[in-house]
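Please view it alongside the structure.

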Amino acid sequence: MSLLLVLAFLQQGELKWSSLPPLADGRGFGGMFAGVVGPEETLLAAGGADFPNAPPWEGGEKVWTDKIWALDGPAGNWEAVGQLPAPLAYGSSIPWRNGFLVVGGRDSGGSVASVFSLSWDGENISVEEFPPLPQRSSFHCAGKIGNSLFLLPGQSDADGRDLTPEFWSLDLDQPELGWQVEAPCPGGARIKAAATVQTLGDGREGFFVFGGEHPDEGILSDAWAFLPGEGWRALADLPAPKAAAGIYPAGQSHILLFSGDDGSLRGTPQDQHPGFSSEVLTYHTITDTWTRVGSMPEGVVTVPMVSWRGSFVLISGETRPGVRTPSVLAANLPKGGGGLQSLDLLILALYLLLLVGMGVHFARRTRASQDFFLAGRRIPGWAAGLSIFGTQLSAITFLATPALAYATDLRYVPTWISILLVAPLVVHGFLPVFRRLSLATAYEYLERRFSLAVRMFGSCAFLIAQLARMGIVVFLPALALATVTGVDIQICILSTGILATLYTTLGGMEAVVWTDVLQVFVLVGGVLVALGIAIAGAGGAGPLWELAQRDAKFLLWDGGFAWTETASWSLLLGSIFLMIPPYTTDQAVIQRYMSTPDEKAAARGVWLNGWLSIPAGILFPILGACLYAFYKAQPEKILTGMPNDGIFPLFIGAEMPVGLTGLVIAGLFAATMSSLDSSMHSISTVVVNDFHGRFGKAREDSEILKLARRWTVVAGLFGTACALLLSTWDVRSLFLFFLKSLGLLSSGLAGVFLLGIFTRRAHSTGVLVGAFVSALVLGWASMATDLHTFWYAFVGMGTCVGVGWVASLVLPSAAPSSSREGKSSTP
């Protein structure tokens, strides 16, 4: 417990700088190319230009180099490992496969149009040619979205006045198609602009362009973003004009801009120039705002920036006109800060101890296996409804729903009504079957209706999904909390895992339900208070409304329909099908239906959950829109590089009153534990009833209770261990993979239940064929199409029901098919 109390929230700080080994021979270069190559992640730097014999004001000549240097680690030294095809500088270097692309640039004769990739296997340099640029270009900017390379051309002649007002793209998967001409930047042609690729709030990647220089207009301060399929979008101007600045995308929604020439010292004799600005700015793609985040040890321009071994690295560059530096700098985002107040810590400790105390209390009432599995059917309907609501309102939802509205708009609000729309299907279709058969698990019905094989499919599909889900529902909230509180992520994971396992093992279903009820009141109350604070911090309801309206944050309905994009009708219709699997096939939810005294009480719980989803579906997204307004007014409070889902925990830790901060953070831990306890308890129920009870020997009830508790401990330890393992993996790609993989099983399982309850002819072989084909179709759709995630359930269930019904007509049944309620009647 004492480890858990080491809570601290991050406060904005400056970048942390360190030095890497300088370039060999003490020489520095402007306009180098750089990238990370090979499985050993070796850092390569190539080309560049300098004045090796004398500075330019003493008549020194600029010399271009073709040398390539390698650095194998922070403690090593730069070594010459090869040569470029020709001396080159002032182009672009873009990561590509096991190396990087060298795009355009110039040499002693002027700009060039060459494009090639550079890689190194530890011994030899490899060069692969790509189609040359449509025309020669240097001092341009480039970036890669997916496998498409985009380039805003620079100058083609020697004196910098011949600029190219175009915008080009190249499909790197099909380079033989050549370069394509895209819509030109509305801001016009330029050289020495800073550009990178970063995501917008809606998850789309954009090509961002900042500042630059024009021979007639001087140093520029405008900013633009190009979105494939949409075109160019104007952004907030830079605080001051900048050219030749370094640039780096940080986290999910920040872009760092380093140093740069603001033009204020133009005309100053080169030997008297004090050096370029050392200022570091950050641009936030969601709020469209600029903030100063510190200074560099020394200002430097025409410098390549590379992400390498957890840091972003600036290699050499120009510190003032005609002067290069051999220095190589590494920067890291700031971490650390102040701690929670003692009152917050006390409330946090008391809250978590209360949860354990509830487990101890209900342990005294858990004397039989039915008490452990179904709480002796003593749960009131209203408590079951709140428990369902609390379980489905996981910490991921609690964090992600406001974050989604903060990053986009309110178009996801109507999807919450789908829970209410699914309630009649549950109450009139599924609930009567489950209650009249007095089932311990939902999958017992599948054997009565179809066969043992179908029951095993349902049980195994559920267990696989839950075992995968457990690690995710613990890890992702822990990641967000650790990011913005400074708590070690493993402490967050261990604390939630151990406490949830303890009270669930002791108190069984009653402890699970009543801790859920407590959690709902704490979290919803915290959201209401946060909403008030955010509105006040944004200047009041009036200014907040004007800002949100101006930035289209209150867009609720666009009237569109699409299979591959976010459109209102697609979200609403798709969400209805998305809600069917969790409320009809998930044992964690169905156990709440079965723990009430009778069917009417269970129905009341289902309806209560459905009606609660309406205000919740409004409250959480509105909070996200208010957080947008709050942080747009105060962008300096956003932590540079933080994940978007961390915006609400950041607000809780930094803006809420003392005492309430501790309570809501405790509530977030409780929400995580609520999802975990539901998973481990339902896993124990399924394993004991569908495997031990079905295939094992007859046991005394006391033995069954002990067995259930042992499996609860095993499930809790497994989920905690998975979350600890996930803390070492790539969370964003893993989470997307998890969502898609989960849909492959849950949609097919829901289709099997629909066939069993609402059709007469479906039989065991047919529904298994339908489920198998459903998984294949969804797997193909997820890998080979751009189908929106909200349509997965529709495609999966539709395929299973359609194929399963047809297969049942065509194929012989392996066993006689019984009715929808068992073997005694036919619908």
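The model is predicted.

**Helix pairs**

Two packed helices are described by the angle between their axes and the distance between the axes. The table gives both values for two pairs.

| Helix pair | Angle between axes | Distance between axes |
|---|---|---|
| α3 (residues 381-392) and α8 (residues 489-537) | about 70° | 8 Å |
| α12 (residues 599-633) and α13 (residues 647-655) | about 65° | 11 Å |

Take α3 and α8 to begin with. They pack at about 70°, which makes α3 roughly perpendicular to α8. Their crossing is left-handed. From α3, the contact uses Trp382, Ala383, Leu386, Ser387, Phe389, Gly390 and Thr391. From α8 come Val512, Val513, Trp514, Asp516, Val517, Gln519, Val520 and Phe521. By class, this contact has ten nonpolar, four polar and one charged residues.

Now α12 and α13. They pack at about 65°, with their axes 11 Å apart. The crossing of α12 and α13 is left-handed. On the α12 side, the contact is made by Leu623, Leu627, Phe630 and Tyr631. On the α13 side, Ile647, Phe648, Leu650, Phe651 and Glu655 take part. This contact has eight nonpolar, no polar and one charged residues.

**A buried leucine**

Leu544 lies in helix α9 (residues 541-550). Its relative accessible area is 5%, so Leu544 is buried. Leaving aside residues up to four places away in sequence, Leu544 touches Ala534, Ile535, Ala538, Phe554, Cys626 and Ala629. Leu544 and Leu768 are 224 residues apart in sequence. In space, their C-alpha atoms are 54 Å apart.

**Helix α18**

Helix α18 (residues 792-810) has 19 residues. From its first C-alpha to its last, α18 reaches 27 Å, close to the 27 Å expected at 1.5 Å a residue. Buried residues in α18 include Tyr792, Val795, Met797 and Cys800. Also buried are Gly804, Ala807 and Ser808, among others.

**Positive phi in loops**

Ala244 is not a glycine, yet has a positive phi of about 60°. Ala244 sits in the loop between β19 (231-234) and β20 (246-250). At 13% relative accessibility, Ala244 counts as buried.

Arg377 also has a positive phi, near 55°, and is a residue other than glycine. Arg377 is found in the loop between α2 (369-374) and α3. With a relative accessible area of 24%, Arg377 is partly exposed.

Technical notes. Residues are numbered from 1 along each chain as its sequence is written. This is a predicted model: local features need pLDDT of at least 70, side-chain atom pairs count only at pLDDT 80 or more; totals for chains, interfaces and linings use all residues. Side-chain values use heavy atoms; hydrogens and water are left out. Axes are lines fitted to C-alpha atoms, for helices over the stretch in contact, and angles run from 0 to 180 degrees between N-to-C directions. Helices (H or I, at least four residues) and strands (E, at least two) are DSSP runs, numbered from the N terminus. Angles under 35 degrees count as roughly parallel, over 145 as roughly antiparallel, 65 to 115 as roughly perpendicular and the rest as oblique. A crossing is left-handed if the near helix is turned anticlockwise from the far one by less than a right angle, and right-handed if clockwise. Contact means heavy atoms within 4.5 Å. Ala, Val, Leu, Ile, Met, Phe, Trp, Tyr, Cys and Pro count as nonpolar, Asp, Glu, Lys and Arg as charged, and the others, Gly among them, as polar. Buried means under 20% relative accessible area, exposed over 50%, partly exposed in between (1.4 Å probe, protein chains only). The expected span of a helix is 1.5 Å times one less than its number of residues.
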